[in-house]
Amino acid sequence: MFSSRIRSLFIRTPTECARVGKVLQEYLDSELDAETASQVLSHLDDCRQCGLEAETYRRIKDSIGRQLQPDAAAIERLRNFADRLIAGEVDPSQFDGDDEV
Ligand SMILES: [Zn+2]
C-alpha cells in the first residue's frame, strides 16, 4: 500500500484523467511511445480511479485472450465511465479512499 505522502506530488485533474482514459487502451496494448506510457504509468500509480479502470481493461483483455465471454456488465460500466471521464463529469477526489481505517 502506498503511503499518502506521495500523493501530492501528482496533480490529478479531470483533464489529466480524461487524457489517460483516452490512451489507456493503447497503453495496455503497448501501443504508446515510451514517454507517454511512463506518464500513464505514473498517473495509474497515483490515481486510484484510473488504476481501477486499467485493472478492468486488463480483466476484459484477459477474458478475450482466453476466449471467454467478457463480463458484459463490466464492459457496460467501463463504457459509461469513459464517457463520463471524457465529459469531465467524474470528480477524482471522490475516489480518494486512503483514509479508510
Ligand atoms: Zn486519474
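Q: In which hand does H3 pass H4, and how do I read such a crossing?
A: A crossing is left-handed if the near helix is turned anticlockwise from the far one by less than a right angle, and right-handed if clockwise. Here H3 passes H4 in a left-handed crossing. Helices (H or I, at least four residues) and strands (E, at least two) are DSSP runs, numbered from the N terminus.

Q: Before we go on, what kind of model is this, and how are residues numbered?
A: This is a predicted model, in which local features need pLDDT of at least 70 and side-chain atom pairs count only at pLDDT 80 or more, while totals for chains, interfaces and linings use all residues. Residues are numbered from 1 along each chain as its sequence is written.

Q: At what angle do H3 and H4 pack?
A: Two packed helices are described by the angle between their axes and the distance between the axes. Axes are lines fitted to C-alpha atoms, for helices over the stretch in contact, and angles run from 0 to 180 degrees between N-to-C directions. For H3 and helix H4 (residues 72-86), the angle is about 140 degrees and the axes are 11 Å apart. Angles under 35 degrees count as roughly parallel, over 145 as roughly antiparallel, 65 to 115 as roughly perpendicular and the rest as oblique. H3 and H4 are therefore oblique to each other.

Q: Which residues make the contact between H3 and H4?
A: Two residues are in contact if their C-beta atoms, placed from the backbone, lie within 7 Å. H3 brings Glu53, Thr56, Arg59 and Ile60, and H4 brings Ala74, Ile75, Leu78 and Phe81. By class, that makes five nonpolar, one polar and two charged residues. In this scheme Ala, Val, Leu, Ile, Met, Phe, Trp, Tyr, Cys and Pro count as nonpolar, Asp, Glu, Lys and Arg as charged, and the others, Gly among them, as polar.

Q: How do H1 and H2 cross?
A: The axes of H1 and helix H2 (residues 34-46) come within 10 Å and cross at roughly 120 degrees. H1 and H2 are therefore oblique to each other, and their crossing is left-handed. Glu16, Val20, Val23 and Tyr27 of H1 meet Thr36, Ala37, Val40 and His43 of H2.

Q: Which residues make up the largest nonpolar core?
A: A nonpolar core is a set of buried Ala, Val, Leu, Ile, Met, Phe, Trp, Tyr and Cys residues joined through C-beta atoms within 7 Å. A residue is buried if 20 or more other C-beta atoms lie within 10 Å of its own, exposed if 12 or fewer, and partly exposed in between; C-beta atoms are placed from the backbone. The largest core has nine residues: Cys17, Val20, Leu24, Tyr27, Val40, Cys47, Cys50, Ala54 and Leu85. Helix H1 (14-28) and helix H3 (48-65) each give two or more of them, and H1 gives the most, with four residues.

Q: What is the overall pattern of the chain?
A: The protein chain has four helices and zero strands, in the pattern α-α-α-α. Of its 101 residues, 16% count as buried.

Q: What is the phi of serine 30, and where is this residue found?
A: Most residues other than glycine have a negative phi. Serine 30, in the loop between H1 and H2, has a positive phi of about 60 degrees although it is not a glycine. Serine 30 is exposed, because it has 7 other C-beta atoms within 10 Å.
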